[in-house]
Amino acid sequence: APAAAPTPSAFAKGEVRISLVRQLSSGDYFEQWLAGAQAEAKAVGVTLEVSSGEGNNDKQALNLQQAINQKASAVIVDHGFAQTIQPAIKKAVDADIPVVAFDVDPGTTEAVTIDQDDHQIAEQALSALKKDTGSTAKVLYVYVAGFAPLDRRNETWTQFKKDNPGITQAAQIGVVNSSTAAAVADQAKAALQANPDITAIFAPYDEFAKGAALAVKELGLQSKIKIYGADISTADIGVMTEAGSPWVATAATDPSNVGRIAVRAAALLVAGEQVDHALKVPPALVTQERLRQGGITNVQQLVQANPDLSTPDVARVPWAAPSAG
Ligand code: SR1
């Protein structure tokens, strides 16, 4: 392996503070993402200062303003609604603070953006739905507008319905809050009872898919309805592989890997290094069948079986050892 480059002095002296400004923090996805970001912060030698709006967009914008006031070395904006967060991002840019924007439109070309290729996420899950249903299905769709990744997945769903006239949307539900899965489960139960011809659920966020799985189970519809989701966690793998689980496929990245990339990108910007303007982390389709066949019970085993889920060369930091994933 090539020798590591010398650590820039601000990093060696422990002077670099990266502020992670989150819109949401509860749920498997966001917890894993944070764990990856924290591990990478340690590896590259920065202090990660974490705040969350807990779903309150005004609070997220205030948290970003606070990071600017405290002269953070860089900020990572993790999700957020354009209307509330873009004015604060502009202030960070005007203050010459490097900005990394994950899953949010920063409204400026000055920020480095990261996403998980959400069109591909939706395409992968929907190709499994199409294959399993033979292109004929009445679908319950779970969606909440305003979240950039969900909006992009929705674009793919909209086009998919046009391209596949045998697959139609019977109903739409959706909520994002601090107990998304439970709220979606309640909504899904009502929608499934009102639409007994539904045979598939497209739920492209793991909290949505978990809620949908709970509803299907509680209504005893496991043999009739299949769920196609997004994201993965060790808990999700447990849900997907349990006996009779309706959640048969999910399109996912390794969230902790994405958190690592965000911190590396911010560290590189602080060091004045080159970073690609728009970073895309490719997802992989994870099926119930392959999880069961491979005896995969946690995310670590999943990444070992799918090495493409680990991307140490994306935004590699020359002075740190390659990320362990
Ligand atoms: C409420 S937005 C949830 C999504 O954000 C990330 O992109 C995850 O993939 C999750 O599905």
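The shell around the ligand divides into seven nonpolar, two polar and three charged residues (Ala, Val, Leu, Ile, Met, Phe, Trp, Tyr, Cys and Pro count as nonpolar, Asp, Glu, Lys and Arg as charged, and the others, Gly among them, as polar). The model is predicted, so local features need pLDDT of at least 70 and side-chain atom pairs count only at pLDDT 80 or more, while totals for chains, interfaces and linings use all residues. Residues are numbered from 1 along each chain as its sequence is written, and side-chain values use heavy atoms, with hydrogens and water left out.

Among the residues around the ligand are Leu24, Tyr29, Phe147 and Tyr205, where being around it takes a heavy atom within 4 Å. Helix H6 (residues 148-163) gives the largest share of this shell, three residues; helices here are DSSP runs of H or I with at least four residues. Domain 1 (9-116 + 255-281) and domain 2 (118-252) both supply shell residues, so the ligand lies between them. Those domain bounds come from an automatic or database assignment.

Now for the polar contacts (pairs of N or O atoms within 3.5 Å). His79 has a polar side-chain atom 2.8 Å from a ligand oxygen, and Arg153 has one 2.8 Å from a ligand oxygen too. For Asp231, a side-chain N or O atom is 2.5 Å from an oxygen atom of the ligand. Taken alone, the ligand exposes 320 Å², and the protein buries 100% of that (Shrake-Rupley method, 1.4 Å probe).

Notes:
A polar contact is a pair of N or O atoms within 3.5 Å; within protein, one must be able to donate a hydrogen and the other to accept it, and residues adjacent in sequence count only if both atoms are side-chain atoms. Helices (H or I, at least four residues) and strands (E, at least two) are DSSP runs, numbered from the N terminus.
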